Amino acid sequence: MMSETIRKPKPRPAPESLPYWQAARDHRLALPKCESCDKFWFPPTRSCPHCLSMNFSFENVSGKGKIFSFVTYHRVYRPAFEADVPYVVALVELDEGPRLLTNILGIPHDQVTCEMRVEVTFDDYDDEISVPKFKPTKG
Amino acid sequence: MIPDITPARELRDTCAIVGTATSRLGKVPGVSSLDLLVEAIRNALDDAGLKASDVDGVLCRGPDESYSHHQLLAERLGINARFSTTLTNGGASQIMSVALAVMAIRFGLAKTIVCGFGRDTWSRTHSSEEARVRNETRPESMLAREFGPEYGYFGATAAHAFGATRHMHLYGTTRDHFGEIAVAFREHALRNPDASMKKPLSISDYHAGRLIVAPFGMYDCSLRSDAAGAVIVTSADRAKDMKQPPVLIKGFGFHNNTRGWFADDNMVVTAAKQAGEAAYAMAGLGPRDVDTAQIYDCFTYMVLTQLEDYGFCKKGEGGDFVASGALRLGGALPCNTSGGQLSEAHCEGMLQIVEGVRQMRHTYPEHRQVKDAEIALISGHGGNQVCHSTLILGRA
C-alpha cells in the first residue's frame with residue numbers, strides 16, 4: 001500500500017507513442033522517422049513536424065547525444081522524488097537531432113554540464129515499462 | 001528571420017488608455033478571481049470617470065477551466081457588449097486584449113473597451129492547510145501522461161530554469177546577475193504601498209534563499225497572488241475630454257515560438273525579439289527611445305533575456321547590463337517600477353500594463369516616477385513559455 005503511493009509516476013503511453021515504449025521495454029531507443037524527408041522527431045505524433053507526411057516508421061537511434069541544458073531539483077514536488085533530491089532533469093540532444101527530456105544518472109549532480117556527451121541507459125519500472133535515461137559516455 | 005509583413009502603422013496613436021486600476025493585491029481570501037476582476041474594473045471606471053454602461057466591449061482572460069469567461073464578466077458588469085471574447089495565451093493574453101481593443105475601436109466595432117485579468121492564486125494554493133495539501137498532491141490524472149512526470153519534471157520553474165542554465169553556459173551569466181534583478185525590483189516594491197513584499201532584499205539574502213530548481217532559488221521565482229488589474233481603452237479623440245491625461249497606444253507586436261520552448265534556441269532567444277521588432281515598427285521607435293520597461297518577470301532570468309531580445313543590450317550582455325544598475329529607478333532603464341511579479345503581485349502581466357500607464361501619466365510622487373518618461377515598453381510572456389506580446393505606450 002505504502003510502496004504504491006510513493007512510486008514515481010508511471011508513463012501512460014498514448015496510442016501514438018506505444019511503439020516508443022515497446023522498444024524501450026526491449027532496451028532500444030526508437031523514434032519516429034519520416035519516410036518522405038528522412039528526419040527523426042520527438043515526441044511521437046502521427047505526422048512529421050518537418051514535412052507533414054504521415055508515412056513514417058519507428059527506427060532505432062544511436063542512443064548517443066549531448067546535454068543541451070539541464071536543471072537540478074532541490075524542492076520535492078512529489079513525495080516519490082524525496083529520496084532523489086537534488087536530482088538532474090536534462091534536455092538531451094540526440095546525434096540524430098531530436099531533444100529528449102530525461103534524467104542523468106551515474107554522475108554527481110554538480111558535475112553535470114551543458115554539451116556533456118551522454119548515452120542512453122534503461123531504468124526498468126516494471127514488466128511493461130522501461131524508462132530511457134542517460135549517463136555520461138565513457139572515454 | 002522576420003516575416004515580410006508591414007505592421008499597421010495607421011493604428012499608431014489612434015487609441016488611448018483612459019482608465020486603469022487594480023483590485024486589492026496579495027492575499028485576498030474568500031474573493032474569487034472574477035470578483036477581484038470586477039473590483040479592478042470598478043476602480044478603473046472610477047479612475048476614468050466612466051460608468052459600466054459607457055463600455056461596449058469586454059476582453060479578458062479567464063481561469064483555464066472557465067468557459068467563455070467574458071460572458072460571466074459582462075454579466076457581473078451588467079452590460080451587453082458589442083465586442084467581447086476571452087483570450088488564452090497565458091501571460092501574453094493581457095497585451096493582446098489591449099491590441100484587439102485598438103483594432104476593434106479603430107474599425108468601428110466598439111467605442112470603449114475594458115481589458116482585464118484577475119486571479120486568486122494565493123487563495124487557491126496557500127490560504128489554508130487544505131489548499132496547500134491540494135496544491136501539493138495533485139492527482140495523477142492532472143499530470144502529463146508521459147515524457148515528464150516519470151523524470152520528476154514538474155512546474156514552470158524548471159521549464160524557465162532550463163533557459164537560465166543554457167544562457168549561463170553560452171554567455172557566462174551568473175546568479176549574481178539574476179540576484180540583481182530580484183534586488184532591484186524589491187527595492188521598487190518598497191516604494192509601492194500596495195506591493196506584497198515589504199522587507200528589503202540584499203544580494204546576500206538572495207543567495208541565502210533556498211534553492212527550488214537550480215539555478216533558481218526562491219527569490220528568482222514570482223509570487224503567488226490574488227490580484228486583478230484592468231485598463232479602459234477608447235479612441236484618442238474621445239480620450240481628449242476625459243478625466244485622466246490620456247496615454248496613447250503607440251504600437252504592439254506579437255510572436256509565438258510555437259515549435260516549442262525546447263526547440264531551436266527558443267529558451268535563450270525568446271519571441272520577444274520578433275514581437276518587439278513589430279511593436280517598434282508600428283510605433284516608429286526603437287529601444288533607445290524607451291524610458292521605462294515593464295517586463296514580464298515570472299522568473300528573474302526571463303527579464304534578463306527579454307532585455308536582450310528587445311535590443312536594450314546585445315544578446316549575451318544582459319548580465320553586464322543589469323549589473324550596471326540600469327533597471328533601478330534612476331538607472332538607464334528603470335524596469336518593473338512597481339515591484340513586478342517578483343515583489344508586487346503576480347497577475348500574468350496585467351499589472352505591468354497598469355504600471356506602464358501610471359508612469360506615462362506623471363502623477364506619481366517623485367520617488368516612484370521615472371523622470372521625464374515619455375515612452376514605456378511592456379511585455380507579456382506565456383502559453384507554454386513561447387507566446388509573446390509587446391505593447392508600447394506614450395504620453396499624449
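**Strand pairing and the A–B contact**

Mentor: Start here: Lys66(A) stands opposite Arg117(A) in β6(A). Keep in mind that this model is predicted.

Trainee: Okay. Which strand of chain A is joined to β6(A) by three bridges?

Mentor: That is β3(A). β3(A) and β6(A), residues 117–124, run antiparallel.

Trainee: And what does β7(A) pair with?

Mentor: β7(A), residues 130–136, pairs with β6(A). Seven bridges hold that pairing, in the antiparallel sense.

Trainee: How many residues sit between β6(A) and β7(A) in the hairpin?

Mentor: Five. For a landmark in that pair, find Asp123(A), which stands opposite Val131(A) in β7(A).

Trainee: Switching to the contact between chains. How many residues does each chain put in?

Mentor: Chain A gives 29 residues and chain B gives 25.

Trainee: Which strands of chain A each supply at least two residues of the side that touches chain B?

Mentor: β3 (64–73), β4 (87–94) and β5 (99–103) of chain A. The largest share, five residues, comes from β3(A).

Trainee: How do the residues on that side of chain A divide into nonpolar, polar and charged?

Mentor: There are 16 nonpolar, six polar and seven charged residues on the side of chain A that touches chain B.

Trainee: Back to β3(A). Which strand of chain B do two bridges join it to?

Mentor: β5(B), residues 211–214. β3(A) and β5(B) run antiparallel. Look at Tyr73(A) there: Val213(B) in β5(B) stands opposite.

Trainee: Now chain B itself. What is the strand order in the nine-strand sheet?

Mentor: The order is β3-β2-β4-β7-β1-β8-β11-β10-β9 in chain B. The sheet is open, and the pairing is mixed.

Trainee: Why is one side of β3 and of β9 in chain B left without a neighbour in the sheet?

Mentor: β3 (83–86) and β9 (292–294) of chain B stand at the edges. Each has a single partner strand, so one side of each has no neighbour in the sheet.

Trainee: How far are neighbouring strands of that sheet turned against each other on average?

Mentor: By 25°, direction ignored.

Trainee: And where do the side chains go in a regular strand?

Mentor: They alternate between the two faces of the sheet.

Trainee: Last one. How many bridges join β1 to β7 in chain B?

Mentor: Seven. β1(B) covers residues 15–22, β7(B) covers residues 226–235, and the two run antiparallel.

Methods:
Residues numbered from 1 in each chain as written. Chains lettered and ligands numbered in written order. Predicted model: local features only at pLDDT ≥ 70, side-chain atom pairs only at ≥ 80, totals over all residues. Contact = placed C-beta atoms within 7 Å. Helix = DSSP H or I, 4+ residues; strand = E, 2+ residues; numbered from the N terminus. Nonpolar A, V, L, I, M, F, W, Y, C, P; charged D, E, K, R; others polar. Pairing = 2+ DSSP bridges. Axes fitted to C-alpha atoms, helices over the stretch in contact; angles between N-to-C directions.
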